[in-house]
Amino acid sequence: MEYKLRKAEPKDVPDILRLVKVDLLEDGFGDTPFYHCVIAELQPQSSDGLEVVGFAMYYFTYDPWVGKQLYLEDFFITQEYRGLGIGSHIMRHLSDLAMKTRCSGMMFVVAENNESSIQFYKRRGAEDLSQEEGWRLYRFDKESLVKMASAREE
Ligand SMILES: CC(C)(COP(=O)(O)OP(=O)(O)OC[C@H]1O[C@@H](n2cnc3c(N)ncnc32)[C@H](O)[C@@H]1OP(=O)(O)O)[C@@H](O)C(=O)NCCC(=O)NCCS
């Protein structure tokens, strides 16, 4: 089997998306969806078709102390449609969903340099748990998981 490695070019983007799509389809729309998504769709003045201009990806988590929580994993509105209230509408939709499913809160992580989004969330009442409660974000990567899973008991 012969193959080569090369640096990706802009023309490779459709193939990169095709590869990502396989996981997205399996993980979100199988028997046990690992995520849910809400889509913002509109009809641009320049065309007859519908255009997806934003989305929020979320799932439900559980904390034994406070119960169900909605976890906002990703939230994005296309640049040219920002500032029009679509993001606020999605936040209202998710808040309503969280209330209907009896969640105690909505959790999310924001990069510390994403100041405009931090302000967007803060204006809506979000608390900075890293600052107020000293939480730090940790992760076991796949390598660590494989190591732990295969570790022999003493
Ligand atoms: C955060 C984000 C989803 C908000 O979506 P949005 O559709 O712009 O949201 P809205 O229009 O409802 O509100 C944007 C706020 O910024 C203000 N704003 C004004 N012009 C703006 C512009 N051109 N772009 C962004 N925000 C603008 C709005 O007045 C509004 O203020 P408010 O908080 O007082 O209501 C969007 O900015 C985005 O996709 N950012 C990049 C991706 C990102 O960082 N996501 C969050 C990851 S944690």
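Colleague: Leaving aside neighbours within four places in sequence, with which residues is glycine 87 in contact?
Modeller: This is a predicted model, and glycine 87 has its place in helix 2, residues 86-100. Once the neighbours within four places in sequence are set aside, the residues in contact with glycine 87 are Phe75, Ile77 and Phe120.

Colleague: Is glycine 87 buried or exposed?
Modeller: The relative accessible area of glycine 87 is 12%. The cut-off for a buried residue is under 20%. Glycine 87 therefore counts as buried.

Colleague: What distance separates the C-alpha atoms of glycine 87 and phenylalanine 34?
Modeller: Glycine 87 and phenylalanine 34 are 53 residues apart along the chain.

Colleague: In what order do the elements of the protein chain run from the N terminus?
Modeller: The secondary structure of the protein chain consists of five helices and four strands. Read from the N terminus, their order is α-β-β-β-α-β-α-α-α.

Colleague: What is the radius of gyration of the protein chain?
Modeller: For 154 residues, the globule rule gives 15 Å. The value for this protein chain is well over that, so the chain is more spread out than a compact globule. The radius of gyration is 20 Å.

Colleague: What percentage of the residues in the protein chain is buried?
Modeller: The C-alpha atoms fill a box of roughly 60 × 50 × 35 Å along the principal axes. The protein chain exposes about 13300 Å², of which carbon and sulfur atoms supply 54%. Of the 154 residues, the buried share is 19%.

Colleague: How far apart do the centres of the positive and negative side chains lie?
Modeller: The protein chain has 19 positive and 26 negative side chains. The distance between the centres of the two sets is 1 Å.

Colleague: With which residues is valine 52 in contact, leaving aside neighbours within four places in sequence?
Modeller: Valine 52 lies in strand 2, residues 51-63. Apart from neighbours within four places, the contacts of valine 52 are Ile39, Ala40, Glu41 and Thr78.

Colleague: Is valine 52 buried, exposed or partly exposed?
Modeller: The relative accessible area of valine 52 is 47%. Buried means under 20% and exposed means over 50%, with partly exposed in between. Valine 52 is therefore partly exposed.

Colleague: How far is cysteine 37 from the nearest cysteine sulfur?
Modeller: The structure holds zero disulfides. A disulfide is a pair of cysteine sulfur atoms within 2.5 Å. Cysteine 37 is in no disulfide, and the nearest cysteine sulfur, that of cysteine 103, lies at a distance of 17 Å.

Colleague: What is the relative accessible area of cysteine 103?
Modeller: Cysteine 37 counts as partly exposed, at 33% relative accessibility. Cysteine 103, by contrast, is buried, and its relative accessible area is 7%.

Colleague: Which residues are in contact with aspartate 12, leaving aside its neighbours within four places in sequence?
Modeller: Aspartate 12 lies in the segment before helix 1 (13-29). Its relative accessible area is 8%, so aspartate 12 is buried. Beyond the neighbours within four places, the residues in contact with aspartate 12 are Arg6 and Lys7.

Colleague: What is the phi of arginine 102, approximately?
Modeller: Arginine 102 is found in the loop between helix 2 and strand 4 (106-107). At 68% relative accessibility, arginine 102 counts as exposed. Although arginine 102 is not a glycine, its phi is positive, at about 60°.

Note on methods:
Residues numbered from 1 in each chain as written. Predicted model: local features only at pLDDT ≥ 70, side-chain atom pairs only at ≥ 80, totals over all residues. Heavy atoms only, no water. Helix = DSSP H or I, 4+ residues; strand = E, 2+ residues; numbered from the N terminus. Rg over C-alpha atoms; globule rule 2.2 N^0.38 Å. Buried < 20%, exposed > 50% of the residue type's maximum accessible area, 1.4 Å probe, protein only. Areas by Shrake-Rupley, 256 points an atom, 1.4 Å probe, with all protein chains shown as cover. Lys, Arg positive; Asp, Glu negative; His and termini not counted. Charge placed at Lys NZ, Arg CZ, Asp CG, Glu CD. Contact = heavy atoms within 4.5 Å.
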